[in-house]
Amino acid sequence: MDSGKDGEDSSVTNPMLESKRTRSNNGKGKGKAIATEADPPAPSATLVTTKAYSPLTKGGGWKKGVAIIDFILRLGAIGATLGAAALMGNNEQVLPFFTQFLQFHAQWNDFPMFEFFVIANAAAGGYLILSLPLSIVCIVRPFAIGPRLLLMIIDTVMMALVVAAASSAATVVYLAHNGSQDANWIAVCQQFTGFCQVSSEAVVISFVAAISFACLILVSSLALKRK
């Protein structure tokens with residue numbers, strides 16, 4: 001009798017347990033389904049293309065143009081400095097007075113200021129020739145600061161040297177043209193006209209070279225600007 005009752009109880013309780021399990025399982029399944037439905041949708045993969053932009057590319061065109069102007073100015077300054085040195089270095093005049101054994105001779109190396117003039121302009125011209133490769137580097141790399149700064153510093157020194165040489169030679173040329181009554185110096189250009197004319201031309205060309213150096217310094221300062 002007991003075994004029969006136990007069998008009936010187990011048969012009765014088993015469906016109830018199974019229904020609870022299925023309900024609990026169904027509840028979990030629904031919960032998972034609801035959870036999955038509540039999740040936000042996955043973002044779609046989008047391809048974003050960005051154009052690389054560097055601030056260094058801005059202004060590169062005008063900096064390269066400034067570097068080309070610098071190169072052209074250096075070529076002109078080379079002609080001016082070497083031309084002034086060549087004119088003064090070959091400047092001499094002989095006045096055939098009386099006989100060929102008694103002559104008045106004027107030459108550039110008779111004046112220390114003219115010697116300084118020739119040396120200074122020749123040195124400036126040699127430097128300008130050596131600076132051409134650095135100027136080409138500045139054209140290829142317009143944002144390079146080191147070569148441009150080096151050129152600017154040496155250009156300043158060379159401009160001061162050329163101005164000093166041209167100024168000292170200009171004083172001699174002025175005295176040769178006008179003389180000095182206080183010092184009892186006569187104007188020798190009345191006799192040595194060719195010598196004084198060539199000396200004046202060399203001094204003017206040297207001042208043109210000094211102006212070219214000033215323009216080079218201005219160009220370098222513009223090229224060193226960031227914007």
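Predicted model: local features only at pLDDT ≥ 70, side-chain atom pairs only at ≥ 80, totals over all residues.
## The span 202-224 and the other annotated regions

Over residues 202-224 the chain is 96% helix and 0% strand, with end C-alpha atoms 33 Å apart. For another span, residues 149-176, the figures are 100% helix and 0% strand, and the end C-alpha atoms lie 41 Å apart.

Residues are numbered from 1 along each chain as its sequence is written, and side-chain values use heavy atoms, with hydrogens and water left out.

## The overall layout

The protein chain has five helices and two strands. Helices (H or I, at least four residues) and strands (E, at least two) are DSSP runs, numbered from the N terminus.

How much of the chain is buried? Of the 227 residues in the protein chain, 29% are buried. Buried means under 20% relative accessible area, exposed means over 50%, and partly exposed lies in between (1.4 Å probe, protein chains only). The chain exposes about 14900 Å², and carbon and sulfur atoms supply 67% of that area. These areas come from the Shrake-Rupley method with a 1.4 Å probe; for residues, only the protein chains shown count as cover.

Contacts (heavy atoms within 4.5 Å) tell us how the chain folds back on itself. Among contacts in the protein chain with a separation of 6 or more, 78% are between residues 24 or more positions apart.

## The nonpolar cores

A nonpolar core is a set of buried Ala, Val, Leu, Ile, Met, Phe, Trp, Tyr and Cys residues joined through side-chain atoms within 4.5 Å. The largest one here has 19 residues, and Met88, Phe114, Phe117 and Val118 touch the most other members. Helices α2 (60-89), α3 (112-140), α4 (146-178) and α5 each supply at least two residues of this core. The largest share, five residues, comes from α4. There is also a second, separate core of 17 residues, which includes Ala77, Ala124, Ala209 and Ala210.

Which residues does methionine 88 touch, not counting residues up to four places away in sequence? They are Trp108, Phe114, Phe117, Val118, Ser199 and Ala202.

Start with phenylalanine 117 in helix α3. Phenylalanine 117 counts as buried because its relative accessible area is 0%. Setting aside residues up to four places away in sequence, its contacts are Ala84, Met88, Ala165, Ala166, Ala169, Ala202, Val203 and Ser206. The C-alpha atoms of phenylalanine 117 and valine 162 are separated by 7.8 Å, although these residues are 45 residues apart along the chain.

Serine 206 sits in helix α5 (residues 193-223). With 0% relative accessibility, serine 206 is buried too. Beyond its neighbours within four places in sequence, serine 206 is in contact with Ala84, Phe117, Asn121, Val162 and Ala166.

Now look at leucine 87 in helix α2. Is leucine 87 buried or partly exposed? Leucine 87 is partly exposed, with a relative accessible area of 29%. Not counting residues up to four places away in sequence, leucine 87 touches Val198, Glu201, Ala202 and Ile205.

## Aromatic pairs

The structure holds three aromatic pairs. Rings of Phe, Tyr and Trp (its six-membered ring) pair if their centres lie within 6.5 Å; planes under 30 degrees apart count as stacked, over 60 as edge-to-face and the rest as tilted. Phenylalanine 114 and phenylalanine 195 form a tilted pair, 6.2 Å centre to centre with 50 degrees between the planes. This pair links distant parts of the chain, as phenylalanine 114 in helix α3 and phenylalanine 195 in helix α5 are 81 residues apart. Both residues are buried, and ring pairs link Phe111, Phe114 and Phe195 into a cluster.

## The disulfide

There is one disulfide, meaning a pair of cysteine sulfur atoms within 2.5 Å. Cysteine 189 is joined to cysteine 196, with 1.9 Å from S to S. The torsion about this S-S bond is about -95 degrees, so the disulfide is left-handed. Both cysteine 189 and cysteine 196 are buried.
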